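Visitor: Can you put the model up and talk me through it? I will ask as we go.

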Amino acid sequence: MHPQNDTVLSLCDVGVRYKRRGGLLQKPEYFQALKNVSFDLRQGETLGIVGRNGAGKSTLLRVMAGIIRPDQGRVINYGVSVSLLALQAGFDPELPGRDNAIMNGMLLGYTRRQVEARMTDIVAFSELGDFIDEPVKTYSSGMRSRLGFSVSVFMTPDVLLLDEILSVGDRGFREKAESEMTRKMSSDQTIVLVSHSENQINRLCDRVICL
Ligand SMILES: Nc1ncnc2c1ncn2[C@@H]1O[C@H](COP(=O)(O)OP(=O)(O)OP(=O)(O)O)[C@@H](O)[C@H]1O
């Protein structure tokens with residue numbers, strides 16, 4: 001079957017299994033985290049992914065981002081950059097927030113110079129103030145989330161995969177984060193959103209897949 005013209009990513013019969021146990025002499029055991037998942041992601045849409053704990057939502061995002069390879073089926077990328085934003089991940093606790101922001105931006109596919117050019121905006125959005133030059137290990141979890149989120153607001157790949165990120169920070173920041181993401185979602189940005197909030201999914205997504 002030929003995909004529609006505006007398809008940016010296709011998943012065809014994707015299956016992922018994790019190795020659970022098995023030392024050198026033990027027979028390995030596998031756990032099937034995803035089975036027969038097929039859909040097309042279209043340019044500009046906001047696709048919601050829902051499912052109970054352990055249904056495979058994060059695994060699906062990791063497959064779409066190319067971080068893990070499916071054991072069955074395939075993921076076809078029609079030439080777009082895809083990045084996964086999972087807060088709390090990918091920070092070096094010993095480095096200052098500023099350096100971590102730069103590294104995060106580079107992981108999203110930007111050059112150091114491009115991230116530095118947006119640094120003033122990132123710091124302002126994060127509301128971290130002078131803490132931006134302190135090591136991330138001195139941050140609260142809300143502060144870490146705010147930093148990760150702020151980087152993603154100013155550095156956007158063609159397809160942005162968001163894993164439970166709209167529940168970050170305190171109420172004030174959450175509202176600001178959601179309104180910023182809503183702006184992106186109504187623009188041309190293609191987004192895949194994993195959330196446990198039915199309300200959020202209904203409000204923000206054009207289409208929902210239940211795992
Ligand atoms: N690296 C791994 N090794 C072994 N099993 C894993 C690994 N990562 C995930 N799993 C298992 O795969 C299943 C799917 O995990 P995943 O994190 O994708 O679920 P999820 O839908 O995102 O869950 P949650 O809603 O709790 O975040 C779970 O049963 C989990 O225990």
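Visitor: How many bridges join strand S6 to strand S7?
Guide: Five bridges join S6, residues 159-163, to S7, residues 190-194, and the two run parallel. Strands here are DSSP E runs of at least two residues and helices are H or I runs of at least four, numbered from the N terminus. Two strands pair if DSSP finds at least two bridges between them. Asp 163, for instance, stands opposite Val 194 in S7.

Visitor: What am I looking at in terms of source and numbering?
Guide: Residues are numbered from 1 along each chain as its sequence is written. The model is predicted, so to speak of local features takes a pLDDT of at least 70, side-chain atom pairs count only at pLDDT 80 or more, and totals for chains, interfaces and linings use all residues.

Visitor: Back to the strands. What order does the open sheet of five strands have?
Guide: The order is S5-S6-S7-S3-S8, with parallel pairing. S5 (82-85) and S8 (207-210) stand at the edges; each has a single partner strand, so one side of each has no neighbour in the sheet. The twist averages 20° from one strand to the next, with axes as lines fitted to C-alpha atoms, for helices over the stretch in contact, and angles from 0 to 180 degrees between N-to-C directions.

Visitor: Which strands does H1 lie across?
Guide: H1 lies across S3 (46-50), S5, S6 and S7, running at about 155° to S7.

Visitor: Gly 109 came up. What phi does Gly 109 take?
Guide: A positive phi of about 100°, just after H2. In H2 (residues 97-107), the buried residues include Arg 98, Asn 100 and Ile 102. The buried residues of H2 pack against H3 (112-117), H4 (119-126) and H5 (141-154).

Visitor: Which residues of the largest nonpolar core touch the most other members?
Guide: Met 64, Leu 161, Leu 162, Val 192 and Leu 193, out of 50 residues in that core. H5 gives the most to the core, with six residues. A nonpolar core is a set of buried Ala, Val, Leu, Ile, Met, Phe, Trp, Tyr and Cys residues joined through C-beta atoms within 7 Å.

Visitor: New topic. What order do the three strands of the other open sheet have?
Guide: S2-S1-S4, with antiparallel pairing. S2 and S4 (72-77) are at the edges with a single partner strand each, so one side of each is left without a neighbour in the sheet. Neighbouring strands are turned by 25° against each other on average, direction ignored. Five bridges join S1 to S4, and Ser 10 stands opposite Ile 76 in S4.

Visitor: Why does Leu 41 count as buried?
Guide: Leu 41, in S2, counts as buried because of 25 C-beta neighbours inside 10 Å. The residues that Leu 41 touches include Val 8, Leu 47, Val 159 and Val 192, not counting those up to four places away in sequence.

Visitor: Last one. Which elements each supply at least two residues of the shell around the ligand?
Guide: S1 (7-21), S2 (29-42) and H1 (57-64). The largest share, three residues, comes from H1. Among the residues around the ligand are Tyr 18, Arg 20, Phe 31, Gly 56, Lys 57, Ser 58 and Thr 59, where near means a C-beta atom, placed from the backbone, within 6 Å. The shell divides into four nonpolar, six polar and two charged residues. Ala, Val, Leu, Ile, Met, Phe, Trp, Tyr, Cys and Pro count as nonpolar, Asp, Glu, Lys and Arg as charged, and the others, Gly among them, as polar.

Note on methods:
A residue is buried if 20 or more other C-beta atoms lie within 10 Å of its own, exposed if 12 or fewer, and partly exposed in between; C-beta atoms are placed from the backbone. Two residues are in contact if their C-beta atoms, placed from the backbone, lie within 7 Å.
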